[in-house]
Amino acid sequence: MHHRVFVYGTLLRGDVNHYLLDGADFLGPHRTAPCFTLYLLGAYPGLARGGSTAVHGEVYEVDGAGLRRLDRLEDYPRLYDRLPIPTPYGRAWVYVYRGSLEGRPLIPAGDWRTFVSDPDSFRAAGVRGARDSKTLHRRQERLLALADAGSHPS
């Protein structure tokens, strides 16, 4: 079974977790309806229901194994929930943050890529230099598994 997924943060092309979409079909860019808010949660963003922001991202088609990889990254259903949204490519899942948002800064214009690439933003510079705390231990596990198998990461 195949699933469409809308991604808006570290899963975007060129970002730290995009490797989890290896083998997925890129369907195209998308901007959501203006009914969300995008927050900075440290080294990654979190989308929340409500608000008036159209969030920028990309839509992919993944198989069941691909969706399970993304669920693991997003700690679904504990840390993030999934919500179906309309896209030009058909309905797609979007991961919606379930944790506390109190005191979390907003990501202006709902655009993670623009936010982290802003050379004048002190906060964005911190994000660029930070490791994604959600995936650091998983990356270490992957490297250990490759080493045990006699492989080397590319």
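Predicted model: local features only at pLDDT ≥ 70, side-chain atom pairs only at ≥ 80, totals over all residues.
**View 1**

**View 1. Where β6 meets β7.**
Here we zoom in on strand β7, residues 92-97, which runs antiparallel to β6 and is joined to it by 6 bridges. A handy landmark for this view is R82, which has Y95 of β7 standing opposite.

**View 2. A helix laid over the strands.**

**View 3. The hairpin of β3 and β4.**
Strands β3 and β4 make a hairpin that leaves 4 residues between them. Take a look at G42 in the turn, where phi is positive at about 110 degrees. Strand β4 covers residues 45-49, and its antiparallel pairing with β3 extends over 5 bridges. Within this pair, A48 of β4 is the residue opposite T37.

**View 4. Strand β3, covered on both faces.**
Why is β3 described as largely enclosed by the rest of the structure? The reason is that 5 of the 5 residues in this strand (residues 36-40) are buried, which means under 20% relative accessible area. One side carries F36, L38 and L40, while T37 and Y39 are on the other, and all of them are buried.

L20 belongs to the loop between β1 and β2. Is L20 buried or exposed? Its relative accessible area is 11%, so L20 is buried. Leaving aside residues up to four places away in sequence, L20 touches L11, R69, L70 and L73. For a sense of the fold, L20 and L67 are 47 residues apart in sequence, and their C-alpha atoms are 9.5 Å apart in space.

**View 5. N17 and its polar partner.**
Our last stop is N17, found in the loop between β1 and β2. N17 has a relative accessibility of 0% and so counts as buried. Its side chain is joined to that of T10 by a polar contact of 2.8 Å.

Note on methods
Residues numbered from 1 in each chain as written. Heavy atoms only, no water. Pairing = 2+ DSSP bridges. Helix = DSSP H or I, 4+ residues; strand = E, 2+ residues; numbered from the N terminus. Buried < 20%, exposed > 50% of the residue type's maximum accessible area, 1.4 Å probe, protein only. Contact = heavy atoms within 4.5 Å. Polar contact = N/O pair within 3.5 Å; in protein donor to acceptor, adjacent residues only side chain to side chain.
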